[in-house]
Amino acid sequence: MFPANSAIRHPAFFNRYVEQVGQGKLSSLLDASINLLEQDLNIISKVDGTFSYAPGKWSINTLVRHCIDAEMIFAFRALSIARLDPHPIRSFEENQYAFESEKEYDLPLLVREFIHVRSATALLFNGFHEDWLSRTAKTDNGEQMSLLSIGYIIVGHWLHHRKILQTRYGVDF
C-alpha cells in the first residue's frame with residue numbers, strides 16, 4: 001500500500017521501501033516499528049549470523065549491519081532536509097559500506113545498536129514540526145526527496161530486508 005500524501009516525494013528506486021509501509025501518521029508508524037524491530041531482532045539473535053544463502057551474498061550479520069548503516073544515513077538525510085541544508089542529498093554505495101564494515105561481528109551488539117538507532121530515529125522525527133515533513137531537498141542526481149518520504153523509507157527498508165531474511169535466509173519471524 002502506497003501512502004496517499006502529496007508530501008511523499010522521492011526517486012522511484014525507493015518505492016520498494018515506501019510501498020512496504022501502511023497508512024498512518026509517520027510518528028506513530030516509527031514508534032510502532034520499534035516494537036516490531038525488537039521482536040525481529042530477538043529472533044535474529046538466536047540464528048547463525050554468519051549464514052549466507054549463497055556464495056558471495058551477505059551474511060545475516062552483514063545484512064543487519066547494512067540496515068544500521070542505511071538507517072543512520074537516512075536519519076542524517078532527514079536532519080539535513082529538516083534544517084534546510086542547501087547541499088544535495090548524497091547517495092552511498094551499500095556494497096562498499098558492507099565490504100568495509102567490521103567482519104568479526106558481535107550479533108548481540110548489532111542487535112542492541114539497531115534498536116538504539118531506531119529509537120533515536122523515532123525521537124528525531126518526533127522532534128520535527130509537522131509542517132516540516134513536506135520539506136524537500138535535491139538528491140545528487142537532481143531528483144526531489146521529502147522529509148516525509150525518508151521516514152517511510154526508514155520504516156520500509158527494514159520491512160524489505162525482513163522479507164529477504166524470511167524468503168532467502170529462512171528466518172522464521
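Predicted model: local features only at pLDDT ≥ 70, side-chain atom pairs only at ≥ 80, totals over all residues.
A pocket, in this presentation, is an open set of grid points with protein on both sides within 12 Å along at least five of seven lines.

The largest pocket has a volume of about 310 Å³. Its lining comprises 19 residues, and those closest to its centre are Phe13, Phe14, Arg77, Ser91 and Phe92. Helix α3, residues 60-82, contributes four residues, the largest share of this lining. Sorted by class, the lining of the largest pocket holds nine nonpolar, five polar and five charged residues.

Let us turn to the second largest pocket, whose volume is about 260 Å³. Here 14 residues form the lining, and Trp58, Glu94, His161, Ile164 and Arg168 lie nearest the centre. Which helix gives the most to the lining of this second largest pocket? That is α6, with three residues. At least two residues each come from α1 (15-18), α3, α4 (94-100) and α6 (147-167). The lining of the second largest pocket divides into six nonpolar, four polar and four charged residues.

Finally, I consider how α6 packs against another helix. The axes of α5, residues 107-126, and α6 come within 12 Å and cross at roughly 160°. Because angles over 145 degrees count as roughly antiparallel, α5 is roughly antiparallel to α6. Their crossing is left-handed. On the α5 side, the contact is made by Phe114, Arg118, Thr121 and Phe125, and on the α6 side by Leu147, Ile150, Gly151, Ile154 and Trp158. Of these contact residues, six are nonpolar, two polar and one charged.

Definitions and conventions. Residues numbered from 1 in each chain as written. Heavy atoms only, no water. 1 Å grid on protein atoms, 1.4 Å probe; cavity = no way out; pocket = protein on both sides within 12 Å on 5 of 7 lines; lining within 4 Å. Points joined across faces, edges and corners; volume = space filled by probe spheres on them. Nonpolar A, V, L, I, M, F, W, Y, C, P; charged D, E, K, R; others polar. Axes fitted to C-alpha atoms, helices over the stretch in contact; angles between N-to-C directions. Parallel < 35°, antiparallel > 145°, perpendicular 65-115°, else oblique. Left-handed = near helix turned anticlockwise from the far one by under 90°. Contact = heavy atoms within 4.5 Å.
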